[in-house]
Amino acid sequence: MTAKFKTDSETNLTVDYRPLELEQEIRRFWERNRIQQKVAEAREKKNKGILGYVEGPPTLNGIPHVGHARGRAMKDLRYRLKTMQGYFVPFWAGWDCQGLPVELEVEKQMGVKNKRELLQRVSEERFVEECKKTIMKYHKQWVELDCKLGVFIDQAKAYWTFHDAYIEKEWQILKRAWDQGLLEEGHYVVAYCPGCQTSLSNAEIGFEDSYQVVEDPSLYFKFKVADSRNEYLLVWTTMPFTLITDTMAAVRPDADYVKVQVGGEVWILVKQRLEPLMKELAIEKFKIVQTQKGKSLEGTRYEFPFKDMVPRQAELEKSSPLVHTVICEDFVDVETATGVVHLSPGNGEEDFFAAMKRGVPIFAPFDDEAKFTVEGGKFCGVFARDTDKMVVEELRNRGLLVEVKPVRHEYPTCWRSHHKIVWLARKEYFLRTDKINARVLEAAEKVEYFFDETKNRFMSFLRERKPWCISRERVWGAPLPVWKCRECGAKTLVSSKKELLEKALEKPSGDFELHKPWVDRVTFKCEKCGGTMFREDFVLDTWHNSGASPYARFSADDYAKYVPADFLTEGVDQTRGWANSLLLEHVILTGRPEPPYKAFLFQGLVQDAKGRKMSKSVGNVIDPNRLLEKYSADATRFYSLRKCSPIDFINFDPNELGRRTYHVLSTLYHLNRFFLQNAEFDNFDPRKHTLEWARKAKQVKNVESWLLSKLQGMIETYTSRLEKCEFNGALALLEDFVIESLSRLYVPMVRKELWTDEPQTLDRRFAVYATLHHALWTVTLLFNPVTPYLSEALHQGVSRRLDPTLPESVNLEDWPKPDAELRNKVAEEDFETLFKCVSLVYAARQSAGLKRRWPLSGLVIVGPKEVCNALRTVSELLIELTNVQAVEYATEKTPQRVLDEKWATASEGDIQVFLNPHRDEKLLGAGLMRDLARRVQALRKELGYMPTDVLEAVHIAELDDESIRLLEPYASEMKNLVRSKELLFQVSRGETSVEWHESQLDDKKVAMAISGKKAE
Ligand SMILES: [Zn+2]
Ligand SMILES: [Zn+2]
């Protein structure tokens, strides 16, 4: 027998699949040949359409985590898919550079604890400089990750939110809001972080993780009804400090309230809470004196307990008759507590509205650190929440305390610093997005979200229709472009640097930029009164920066071409973040109910293998760089898309990634090597020996019809799943095609035909190569959006090697389309039947203890006519796959002899298989030979022989005489199977000096040795 195979020293495909080396090589290839640029240029020049894209800018306040890697894999998948489909996508990077997250990171680096310390110790200039240094430091690491991950995003065309030109565009959006009366200054209750010393937007309060279990006092206390002898309103709160700013009490008008005799006092509370509450307070003796509707309590005056400590409260009473009286409100909860709530319009949103609509003054005596001001009287200088204990003690002293105990409950904390949020009425700037809510909702309805649950979450958030507080009392941000006259209070908004410089009383110096402190030094002359106008000392919410991106990052021409964006995807935490701010700003900008994106996929977040949130304190954070260095980019990408639906939280397990994913990619790699070695030996030319040629030459068998048909169906479903963002379902299909259809079924079914090198069967081999080529080439293209490195390597090492006229990169190929001509439903069904029978035969073997590798003499299949007819067309394969010598079909009834001889059997539905369990010497010999051959194969592999290497000799020693006698008729078959020139049976090992390997053969021991040259 001649050596059929060349060695593969010239191919790029190494013997083993070594993804890390492969990726390094491909990365060099891409860089050297400017592939990324060429792909973009080619599509920009010639495309079947433009699909707009705006990068959701990562905040440069830290290094990317593994969740970012998953998100970026999804973006790149979409880009490569659409590019191969013929579209031009402006896949350009963008970076979020300003705002609280960056400031806090820099504060941490500089060892500053809060804003006050910052402003005392560090100048604003210096701080801004440090912020810029920090974003550049993290930018470098992000670009590195993109590069390693194989993300083809254009870094050269990135936008930066801190650039003056970008800020000017943001100002223009604010100008639109200003002109529409949507940008307002006003007192409003905002969530305020005492640590960061800035207000937070509503969206920020809802962030993942911002609610934490904290301990607060659960306090029951009494307000004495004014001018009564012994009547009290019973009230409950977990924020005692709000008593200091209390101005009203509220009851639910339609609920029943009772006056209850408790000891010498009469308490007023809602009726339905009486029994549970008395139990909770361990009060056994009580008596209802009177029942009345809440409405009848309206106007009841009560004595504010701290008038002596907070003199301002007495003045408030004089300024409004409603202060310290009972009012009626429907929002009062009567299911818990006492049904009587006290209202602090300076510290609560509902309270605030209740006061506003009644013209009751807002009492909010707090400074920037949420400490009480002089108006807070005795509490002056104390941080709001630190007065909780003082208030409780004062109530106790005055005999107004009923009960206090600690309660653990979920309470919102700052998403950055985790300080407990305090609600404060403050002067802020608002985008009155509540006024355009109908248009916002209409715009949001036009978007494709792919999954209902994520859409519902987004829509219900938007329906909250809250104004958007866009002002932040910080330093490093886009400045609010509003100047206000010190004298008359007139305001003006500038929307460009040019306008600012024209209005400036004094021209700023050379290094002027649109940031604090420079911009604060610019003053205008008031057109109304001639006074001086100063800038309102706020920067913008960082989400306003990124939300401006569609307008701010493009030129006017590009904006017209690329907005609305075709497809965006970000983490589910951006429901309240970027997805929201993009939408609001676009509706403000255009004045129309139009979204700036056509589709938005919200990704689930990444957790550790056990489903816990990744955090530094738990120590379970996975650094994506480590992952890429250990397991490769392709594996990371494939795993993070394959493991679960993109909207699910993924439990990221690197071990799993190393095993299963590696197996899939390595199988694809080795299938390609197997194909290439064989095809090259026969000088297969894919341009000549096409599928068309094979069909005309009548060399296509039903096994090819089945495989090709299955492939067409897979292309169609895979593509549609990718389009619908069902990445995991799509990849399951692709994986199944490679592992099952190609590797476990098709290749084993044709391997024997490829083993020979006889000229008369060359055409048949060409037909097999044409089939394999078509299937593998298609699969390589389908894999490209997910595993770009492996696909490029196979494109270069296999496809272009066989056909150098192919495009320079796999990314320049067209996306495969299913070929209707190759669909063959009958073949697919026949093969389904075949595989079903094969698994029934396996089941029958297992039940009778007949190993799969033992050849058996007969198989009888009993089943309906259609089944048997289908199987007849694939009899040869059925015999091969089930390892029997003959098959019979019975459509009428079960042959008597299989029952008499007790054949092994298994059945499913209307198909029953019978297997002759009796093994004569011939079958025993053949089975033994297969057993031995399998072990020799394993030994070959273990010793590093290539499947194509031909051995000099195989030595078998220490087999008993009986076995050798059984084996003798099969010696030449075995030589072929194990690819050896000689097969020698020896009694003992001593006869030859070779390296022996022991092996267990059922109940016998056997020694084996092999010799021969290995391929280089
Ligand atoms: Zn904070
Ligand atoms: Zn003025």
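This is a predicted model: local features need pLDDT of at least 70, side-chain atom pairs count only at pLDDT 80 or more; totals for chains, interfaces and linings use all residues.
Cys-485 counts as buried because its relative accessibility is 4%. Cys-488 has a relative accessibility of 39% and therefore counts as partly exposed.

## Other cysteines

The structure holds zero disulfides. The cut-off for buried is under 20% relative accessible area, while exposed means over 50%.

## Salt bridges between separate parts of the chain

The count of salt bridges comes to 88. One of the pairs is Arg-426 with Asp-368, whose side chains meet at 2.8 Å, N to O. This pair links distant parts of the chain, 58 residues apart. Arg-426 belongs to strand E14 (residues 422–431), whereas Asp-368 sits in the loop between helix H11 (349–358) and helix H12 (388–397). With a relative accessible area of 11%, Arg-426 is buried. Asp-368 counts as partly exposed because its relative accessibility is 40%.

A salt bridge also joins Arg-965 and Glu-921, with the closest N and O atoms 2.8 Å apart. Arg-965 lies in helix H33 (residues 961–967) and Glu-921 in helix H32 (residues 921–942), so this pair ties together parts that are 44 residues apart in sequence. Arg-965 has a relative accessible area of 41% and is therefore partly exposed. Glu-921 is partly exposed too, with a relative accessible area of 44%. Elsewhere, salt bridges that share partners join Glu-55, Arg-72, Lys-75, Asp-146 and Glu-570 into one network.

## A salt bridge within one helix

Glu-502 and Lys-498 form a salt bridge at 3.6 Å, N to O. Both residues of this pair, Glu-502 and Lys-498, lie in helix H15 (residues 497–503). They are four residues apart, which is about one turn of the helix. Glu-502 has a relative accessible area of 54%, so Glu-502 is exposed. Lys-498, at 60% relative accessibility, counts as exposed as well.

## A sheet of three strands

Three strands form an open sheet in the order E11-E7-E12, and their pairing is mixed. Strand E11 (326–328) and strand E12 (340–343) are the edge strands, each pairing on one side only. On average, neighbouring strands of this sheet are turned by 35° against each other, with direction ignored.

Strand E7 (residues 248–251) pairs with E11 in the parallel sense, over three bridges. Within this part of the sheet, Ala-250 stands opposite Ile-327 in E11.

## Strand E9 and its partners

Strand E9 (residues 265–270) is mostly covered, with six of its six residues buried. Strand E6 (residues 231–237) pairs with E9 in the parallel sense over three bridges. Leu-233 stands opposite Ile-268 in E9.

Strand E8 (residues 256–262) pairs with E9 in the antiparallel sense over six bridges. Ile-268 in E9 is the bridge partner of Lys-259. E8 and E9 form a hairpin with two residues between them. In the turn of this hairpin, Gly-263 has a positive phi of about 60°.

Key. Residues are numbered from 1 along each chain as its sequence is written. Chains are lettered from A and ligands numbered from 1 in the order in which they are written. Side-chain values use heavy atoms; hydrogens and water are left out. Buried means under 20% relative accessible area, exposed over 50%, partly exposed in between (1.4 Å probe, protein chains only). A disulfide is a pair of cysteine sulfur atoms within 2.5 Å. A salt bridge is a side-chain nitrogen of Lys or Arg within 4 Å of a carboxyl oxygen of Asp or Glu. Two strands pair if DSSP finds at least two bridges between them. Axes are lines fitted to C-alpha atoms, for helices over the stretch in contact, and angles run from 0 to 180 degrees between N-to-C directions.
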